[in-house]
Amino acid sequence: MPTYGAALLSLSLGLCFLTVVLMGLFVRKGDERYFFVGQRTCLTVCFLVVLATITLLAGLMKSDFNVDYVAKYTSIGTPTIYKFTALWAGQSGSLLFWLFVLSCYVAVVIVQNRNRHEKLMPYVIMTLSVIQGFFLLMVNFVANPFAPVETDFILQDGLGLNPLLQNPTMAIHPPMLYLGYVGFSVPFAFAIAALCSRQLDAVWVRSIRRWTLFTWLALGIGILLGGWWAYNELGWGGYWAWDPVENASFMPWLTGTAFIHSIIIQEKKNMLRVWNMILILVTFLLCIFGTFLTRSGIVSSVHSFTQSSLGPMFFGFVLLILAVSIYLVLSRLDDLKSGKRMESFVSRESGFLFNNVVFVSICFAVLWGTMFPIISEAVTGTQITVGAPFFNQITIPIGLLLLTLSGIGPLLAWRRTSRESLTRNFSIPVLIGLVMAGVVMIAGVRSIYPVMTVALTAFVTSTISTEFWRGITVRRRKFNESSLQALFRMISKNRSRYGGYIVHIGIVFMFVGFIGKAFDKDREWAMSVGDEVRIAGYDIRLTALDEEERSNHYAWIATLDVTKKGETVTSLQPEKRIYFHKNPNPDRRQPHSELSLHSTWREDVYSVFGGIDPEKELLTIKIMVNRLVRFVWLGGYVLLFGTVIALWPDRRGL
Amino acid sequence: MNKKFAAVIISVALLMMVWVGLGFEGNELPYVTIQDLTTKETVKPGKRFRLGGNVKEGSIIRSETDPLALSFVLLQEEQQLPVSYHKIVPDMFKDGSEVIVEGIFNGERFYADNLMTKCASRYEGDLRKSDTSI
């Protein structure tokens, strides 16, 4: 099995190289046969990569411990579903998985565009093959997932998958992120193709709009799932920590978000052509750079992937992309410039433009903060890190600015907006925002950011509602439809616009969730059975401590009765587990805290079993009361819903 | 109009950069070695540092009276630093584990308010040391 898989990978590398050469020959000589053969070699590469992935999966399923990867990430006792997810649990496997996703995308792109974009496609295929080639080089020579095990005895069992990763969310979070990260290769390839072939009008932008939106959605959902997993599994009580690995996924999402906004301008007005080009190039660059950051170990992160020789290779690839992109943009700059002008500051166009500046600024701030340890070390010799306080301080106001723009933008007219329409459109939403600010201030909230966020979320919600309301009223009058009919028809007539508004509503919900952070409470106690503690109005009593031996771990279970003003709220059962407790080597036994939480719209009561002194039966318990967290997840669902509406295929055809 | 526009955009971008630059004030956390801490750094009261190292074998002492209070010795090759911590420790915290601590230094003892274990989020075990083999 190892040799079979490795052979598939080397064959793919050879064919991938051939594809690049063939596409190059076609571009040079114009003989269509080169193109057709190249298309087929490329599809063969995709097929072989899929076969290689299936081979590794088969090895994982059959527990073929001759393969180093299988022995390191699974054991006989690993549940089948996690044998499957072990495919992306380690370095080399995740690279193969990356390649697998890319190959599926490439195959879809080729099939989808077989009769379209004949000027762009050779370059698209060439670019995608170069990216494929890079990853194939990696899995062939640097981190081969089929490498045989390096022991001189026969392994009876593997090491098994980390219990923290044995969670359903962990099964979908990495693939989602990959769908996003890898997906940006396609818009990137079209951008490079547009530059190479000098087809710089709105055609390439239109052909990748769906791709970009889908990719953007996958990346966003991937990030959210990561947060959800951290919150529900890791037990530090939060969903975002500004860790370098998180930042690495957030940065391309930010520039990607800017891109999906600004391409609207290019589609409608053929403006911002240079800017869009740069945005998508940067987005892809950030995807690869993020992978470099997380795989090279140059920034310290709690995620700490294996540090390996992959770092320099990725860095080289980043430099290559950067050099090619800069050269192409500079040499095509005259063709790229559109010559159209902005007509007014108060217009839809300029709203989009400011939105872009703000998104890019956040991305810059995040990049700067993430890279600061490295930069400061290079300059002063001391590594200076900046933690969550820095990122929060910087991004909260910029984020609020963005929220404001998302409320203003939709009500601005294209080209220019008159003063009368400004007053007419904005006086009620502004008033609603101010009233809401007053209400929460009367309720006792004094800190500036929460008050501003409440005001802004109210403002944005009312401007978006106004948009919906106006659309419905017009249709009712014009076509004599019922409100519901009008709503439905209006959305289906202009999916991307109304889908976009729904996404904005999702973002508003998330901001509501973020406000909660300002009111969180947490405390730690040492408790024995019968003790009672109090936090944020809750009385929490430790009523029992049980022990239980289960199939692959030993568990202490604390039972906490939670009451509020004498009324029972819930009973929480956080656990302290020792995995592999029968292992004679204590170093291999792995403690794990299984948290327990009770969630409502208002707040979550979140309990963590910190530790236990078995002799004294004294345990340490951490209780957190986290406000409004559910709204973050709700926002995620709404975002998903809105994007799906925007993505839904038109009946008129693609 | 385009020139005016560019000017506005550039000034907004510059403003953002200044804002980001200002954010470092008071938020920087130097990542130092034990040696730096005792020789190079001027230890101002309340100034926070971040250090990485290993927990010295057998050095973890839990308080008899307060189960949350704990002290251990942080090891960086030859250098040692006593550390106090008063919170629940992460699951992977034990003798020999690689940790990162953040907190203040009073000249003798490091008072950590944040302790992270650098557990590989994936197993990177050495199969030769595995006890599952025959």
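**Figure 1. Helix α2(A) passes helix α5(A) in a left-handed crossing.** Left-handed here means that the near helix is turned anticlockwise from the far one by less than a right angle; clockwise would be right-handed. The model is predicted: local features need pLDDT of at least 70, side-chain atom pairs count only at pLDDT 80 or more, and totals for chains, interfaces and linings use all residues. Residues are numbered from 1 along each chain as its sequence is written, while chains are lettered from A and ligands numbered from 1 in the order in which they are written. Helices (H or I, at least four residues) and strands (E, at least two) are DSSP runs, numbered from the N terminus. The axes of α2 (residues 32-61) and α5 (residues 91-112) of chain A come within 9 Å and cross at roughly 145 degrees. Axes are lines fitted to C-alpha atoms, for helices over the stretch in contact, with angles from 0 to 180 degrees between N-to-C directions. The α2(A) side of the contact includes A:Cys42, A:Val49 and A:Leu56; the α5(A) side includes A:Phe97, A:Phe100 and A:Ile110. Two residues are in contact if their C-beta atoms, placed from the backbone, lie within 7 Å. By class, this contact of α2(A) with α5(A) has 15 nonpolar, four polar and no charged residues. Ala, Val, Leu, Ile, Met, Phe, Trp, Tyr, Cys and Pro count as nonpolar, Asp, Glu, Lys and Arg as charged, and the others, Gly among them, as polar.

**Figure 2. Helix α7(A) passes helix α9(A) in a left-handed crossing.** The axes of α7(A) and α9 (residues 203-234) of chain A come within 7 Å and cross at roughly 150 degrees. Among the contact residues are A:Met170, A:His173 and A:Tyr181 of α7(A), with A:Trp211, A:Phe214 and A:Trp228 of α9(A). The contact of α7(A) with α9(A) divides into 14 nonpolar, seven polar and no charged residues.

**Figure 3. A:Asn167 sits in the loop between α6 (121-142) and α7 (168-183) of chain A.** A:Asn167 has 16 C-beta neighbours inside 10 Å, so it counts as partly exposed. The cut-offs: buried means 20 or more other C-beta atoms within 10 Å of a residue's own, exposed 12 or fewer, partly exposed in between, with C-beta atoms placed from the backbone. Leaving out residues up to four places away in sequence, A:Asn167 touches A:Trp229 and A:Glu233. A:Thr85 is 82 residues away along the chain; its C-alpha atom is 10.0 Å from that of A:Asn167.

**Figure 4. Helices α2(A) and α10(A) have end-to-end distances that agree with expectation.** The expected span is 1.5 Å times one less than the number of residues. For the 30 residues of α2(A) that gives 44 Å, and the end C-alpha atoms are 44 Å apart. For the 26 residues of α10 (residues 244-269), both values are 38 Å. Of these 26 residues, 22 are buried, so α10(A) is largely enclosed by the rest of the structure. A:Ser63 follows α2(A) with a positive phi, near 50 degrees. A:Asn270 follows α10(A), also with a positive phi, near 55 degrees.

**Figure 5. Four strands of chain A form an open antiparallel sheet, in the order β2-β11-β10-β9.** The edge strands, β2 (521-527) and β9 (596-599), each pair on one side only. Pairing requires at least two DSSP bridges between two strands. Neighbouring strands are turned by 15 degrees against each other on average, direction ignored. Ten bridges join β10 (residues 603-613) to β11 (residues 618-627) of chain A. A:Ser607 has A:Ile623 of β11(A) as its bridge partner.
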